[in-house]
Amino acid sequence: MTASEPTYGWRPDMGMSLLDKLKADLKTSLLQKNETLKNAVRQIMAEFPKLTVPLTLESGKKSFRLKTAEEITDEDILDIIRGLVKSEKTVLSLKPDQSPEYLYILESYLPKTASEEEIRCWIEENVDFSKFKSPMQAMGTVMKHFGKLADGNLVKRILGEKAG
């Protein structure tokens, strides 16, 4: 790792859970007095009370309880971060003079998304368009393969080009 490379962020192959990495990065941000990193990590953690487990009370009434730290999965946290990234992009589109540093920090915790080239290659190798009335009907197949690692709008555009 070079001196200019950030020490925060997460990848699934790091050998530690995303929650553990967030806690470690929060500690680092406090020691380094990195306010932006500290605030970003705290914002992610502030969303944890939204993570709940449904349960049915003895009376039959539906309720929920907060997830414990052991129950919080990497996918739960990634969903929180995706939501924060989406809202931050909206804020930046309305206030372009604002620094995107907070957005960069949030995105450093997300797995790398599939590139346009990767999506195009996979479609060429795996999608038989003769099975569909229109190329757009292959959207479900492509999104099922890539899941949250592909931008739906990008996939839609690529399939739209195939239709036209």
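Trainee: Which residues are buried in α3?

Mentor: Good place to start, and please keep in mind that this is a predicted model. In α3, the buried residues are Asp 76, Ile 77, Leu 78, Ile 80, Ile 81, Leu 84, Val 85, Glu 88 and Leu 92. The helix itself runs over residues 74–94, and its 21 residues reach 30 Å from the first C-alpha to the last, close to the 30 Å expected at 1.5 Å a residue.

Trainee: What do the buried residues of α3 pack against?

Mentor: Their partners are α1 (18–32), α2 (35–46) and α4 (101–107). Leu 84 makes a handy example within α3. With a relative accessibility of 10%, Leu 84 counts as buried because the cut-off is under 20%. Setting aside residues up to four places away in sequence, Leu 84 touches Gln 43, Ile 44, Glu 47, Tyr 102 and Leu 106. The C-alpha atoms of Leu 84 and Ala 40 are separated by 9.6 Å, although these residues are 44 apart along the chain.

Trainee: How should I read the pattern of buried positions along a helix?

Mentor: Begin with the geometry. An α-helix has 3.6 residues a turn, so residues three or four places apart point the same way. Now try α5, residues 116–126, where Ile 119, Trp 122 and Ile 123 are buried. Looking down the axis of α5, these buried residues fall within an arc of 100°, so they line one face of the helix. Glu 117, Glu 124 and Glu 125 are exposed on the other side of α5.

Trainee: Which residues of α1 are buried?

Mentor: Leu 18, Leu 19, Lys 21, Leu 22, Asp 25, Leu 26 and Ser 29 are the buried residues of α1. They cover an arc of only 155° around the axis, which puts them on the same side of α1. Lys 27 and Leu 31 are exposed on the other side of α1. What covers the buried residues of α1 includes α2 and α3. You can check the length as well: the 15 residues of α1 should span 21 Å at 1.5 Å a residue, and the end C-alpha atoms are 20 Å apart, which agrees.

Trainee: At what angle do α1 and α2 pack?

Mentor: First, the general idea. Two packed helices are described by the angle between their axes and the distance between the axes. For α1 and α2, the angle is about 150° and the axes are 8 Å apart. Their crossing is left-handed.

Trainee: Which residues meet in the contact of α1 with α2?

Mentor: From α1 come Leu 22, Lys 23, Asp 25, Leu 26, Ser 29 and Leu 30, and from α2 come Leu 37, Lys 38, Val 41, Arg 42, Ile 44 and Met 45.

Trainee: Is Lys 38 buried or exposed?

Mentor: Lys 38, in helix α2, counts as buried at 13% relative accessibility. Leaving aside neighbours within four places in sequence, Lys 38 is in contact with Leu 26, Ser 29 and Leu 30.

Trainee: What does Leu 55 touch?

Mentor: Leu 55 belongs to strand β1, residues 52–56. Not counting residues up to four places away in sequence, Leu 55 touches Lys 61, Lys 62, Ser 63, Phe 64 and Arg 65. Leu 55 is partly exposed, with a relative accessible area of 28%. Leu 55 and Lys 23 are 32 residues apart in sequence and 29 Å apart in space, C-alpha to C-alpha.

Trainee: And where is Leu 159 found?

Mentor: Leu 159 is in helix α7, residues 152–163, and counts as buried at 0% relative accessibility. Beyond residues up to four places away in sequence, Leu 159 touches Ile 123, Phe 129, Pro 135, Met 136, Ala 138 and Met 139.

Technical notes:
Residues are numbered from 1 along each chain as its sequence is written. This is a predicted model: local features need pLDDT of at least 70, side-chain atom pairs count only at pLDDT 80 or more; totals for chains, interfaces and linings use all residues. Side-chain values use heavy atoms; hydrogens and water are left out. Helices (H or I, at least four residues) and strands (E, at least two) are DSSP runs, numbered from the N terminus. The expected span of a helix is 1.5 Å times one less than its number of residues. Buried means under 20% relative accessible area, exposed over 50%, partly exposed in between (1.4 Å probe, protein chains only). Contact means heavy atoms within 4.5 Å. The arc is that of the directions from the helix axis to the C-beta atoms. Axes are lines fitted to C-alpha atoms, for helices over the stretch in contact, and angles run from 0 to 180 degrees between N-to-C directions. A crossing is left-handed if the near helix is turned anticlockwise from the far one by less than a right angle, and right-handed if clockwise.
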